Every structure is written in C-alpha cells, then in structure tokens.
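Student: Could we go through the side-chain contacts of this model, one kind at a time?
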Amino acid sequence: MFRERLFEVNNNIKFSCEKVGRKFEDVTLIAVSKTKPIEMIEEYYNLGLRNFGENKVQELCDKKKSLYDDIKWHFIGHLQTNKVKKILSQNVLIHSVDSIKLIDVIEEEAHKMNIHVNALLEFNIAEEESKYGFYLKDLDSVIERVSLCKNLHIEGLMTIAPFVDDPNDNRDIFRTMNNIFVDISNKNIDNIKMNILSMGMSNDYQVAIEEGATMVRIGTDLFGERDYLNNK
Ligand SMILES: *Cc1c(COP(=O)(O)O)cnc(C)c1O
C-alpha cells in the first residue's frame, strides 16, 4: 500500500514536471506525517523518503527522537512564540513564519542560543481568516524586517491555498507566489534567499508544481485520512 501510494505521488510529480519542462529532482516531496504513528513513517523511510513534516512542536520532538538521524524535519504548523525555543533546538526547517512578532522572537532566541535558523515566510494570499500568514500588502515591511536579522535566515516562501474542488482554482494563487518569489530573488536583498517555494498539498500539488513549487507537502495521499478523534 505504501509503495503504491508513493509510486503514484512520484509519478504525478514527474508528470507535472515534464508538462512544464522542469526537473523531477528540483521538487522535494515532504511527507506530512502529523497524527500518524512512527511505524508509518518508518515504512516511507524504508522506501527512501527523508523529508517529513509535522505541525505540532511536541509531536515533532517526540517523533524526531525516536526516528533516524538522517531524516530532515519540517515544521509546517503555526508556531506559538512560547514554543520557539523548543523548536529552535531541533534544527528543523520552519515553513511557517507568519508574523513580525514571531520574527522578533525567533531572532532574539536564536541570538541568545548563538545559532542560525533557516525559515520560510508564510503568505496567506487568499486572505482567509481561518489561516495564518502575511498578506501580500505586508510584503515590503516583512522583507525590510527580515533583512535586518542576523540569526534568522529566510530561505524562501510558503503558502497554504484554500481547499477547493478544482485545484485549477488555486493556480492564480500559486502563480502570485511564484511571481513574488522571483521578484524578491531578483532584488538580491541581504539575508534573504529564494531557494525554496513550499506550496501544494494532496489536493493541488500538481498545479503547484506547474506553477513553480520546489517543495510539496503531502499528507493524505501518502498516509490516508487523518484521524483527529484518536489523535488530538
Ligand atoms: C496537513 C498539512 C499538509 C498536508 O495536507 P494534505 O491535504 O493531507 O496533503 C500540508 N501543509 C500543511 C501546512 C499542513 O498543515
């Protein structure tokens, strides 16, 4: 079952890459394992996956501790400022820097711990109230703030598109993200690199890849539906 699911996801990624003349190797698959047990992560580890994503700090810490050291962990959930210290000690890629306040706290804690932290800025392009992330109109002020950071280093952008029946409805959002990704990159701003564009989930990753995603975050298509009742 795991092998077949992974085969299908990889095939879809390849197909989308070919469609727009991109290389399969340029897209990183992040298996979003939130709420799922260690044993399932091991199945995908044994099939070659090394990038896993979690949205709760404690859950990420627990899983990281009991799994292999060569896994790259991605923190993809909303990060509360009181959990910053804890996640910083884990050496993971934070996809979800979503407020100036959070930038301030990460910078301060990273400075105190004398470490360097890589992270992505999360944008809420559709301005959905149920979601976190900067609005497009915040772009200039956010860039200005992070350009002054010494310990927090921005490596790219992330977005969570709305849940839609037809993934093509999210194409404009992904295209907007790619446009700002390229714009920022061309500006060569201190401390801001545009290496990673994290967008696309089970429902819409093929469209996201066509529009330039370099990381896709896939949960349901690999692990099946999440069972929140048994896994709070
Ligand atoms: C849960 C989650 C995903 C995976 O969603 P699926 O639809 O199950 O693929 C991706 N990104 C973020 C930020 C998530 O919280």
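Tutor: The questions below cover aromatic pairs, charges over rings, cysteines and salt bridges.
This is a predicted model, in which local features need pLDDT of at least 70 and side-chain atom pairs count only at pLDDT 80 or more, while totals for chains, interfaces and linings use all residues. Residues are numbered from 1 along each chain as its sequence is written, and side-chain values use heavy atoms, with hydrogens and water left out.

Student: How many aromatic pairs are there by the rule?
Tutor: Rings of Phe, Tyr and Trp (its six-membered ring) pair if their centres lie within 6.5 Å; planes under 30 degrees apart count as stacked, over 60 as edge-to-face and the rest as tilted. By this rule the count is five aromatic pairs.

Student: Which kind of pair do tyrosine 44 and phenylalanine 223 form?
Tutor: The ring centres of tyrosine 44 and phenylalanine 223 are 5.2 Å apart, and the angle between the planes is 75 degrees. That makes the pair edge-to-face.

Student: How many residues apart in sequence are the parts that tyrosine 44 and phenylalanine 223 tie together?
Tutor: Helices (H or I, at least four residues) and strands (E, at least two) are DSSP runs, numbered from the N terminus. Tyrosine 44 belongs to helix α2 (residues 38–46) and phenylalanine 223 to helix α9 (residues 220–223), so the pair ties together parts whose separation in sequence is 179 residues.

Student: Are tyrosine 44 and phenylalanine 223 buried or exposed?
Tutor: Buried means under 20% relative accessible area, exposed over 50%, and partly exposed in between (1.4 Å probe, protein chains only). Tyrosine 44 and phenylalanine 223 are both buried.

Student: Why is the pair of phenylalanine 123 and phenylalanine 134 tilted?
Tutor: Phenylalanine 123 is buried at 1% relative accessibility, and phenylalanine 134 is buried at 4%. The ring centres of phenylalanine 123 and phenylalanine 134 are 5.8 Å apart; the pair is tilted because the planes are at 50 degrees.

Student: Where does the charged end of arginine 50 sit?
Tutor: A charge sits over a ring if NZ of Lys or CZ of Arg is within 6 Å of the ring centre and within 35 degrees of the ring normal. Lysine 14 lies over the face of phenylalanine 24, at 4.9 Å from the ring centre. The charged end of arginine 50 is 3.6 Å from the centre of the ring it sits over, that of tyrosine 45.

Student: How many disulfides does the structure hold?
Tutor: Cysteine 17 is buried at 1% relative accessible area, and cysteine 149 is buried at 5%. A disulfide is a pair of cysteine sulfur atoms within 2.5 Å. The number of disulfides in the structure is zero.

Student: How many salt bridges does the structure hold?
Tutor: A salt bridge is a side-chain nitrogen of Lys or Arg within 4 Å of a carboxyl oxygen of Asp or Glu. One of them joins lysine 193 and glutamate 155 at 3.9 Å, N to O. The total for the structure is 13.
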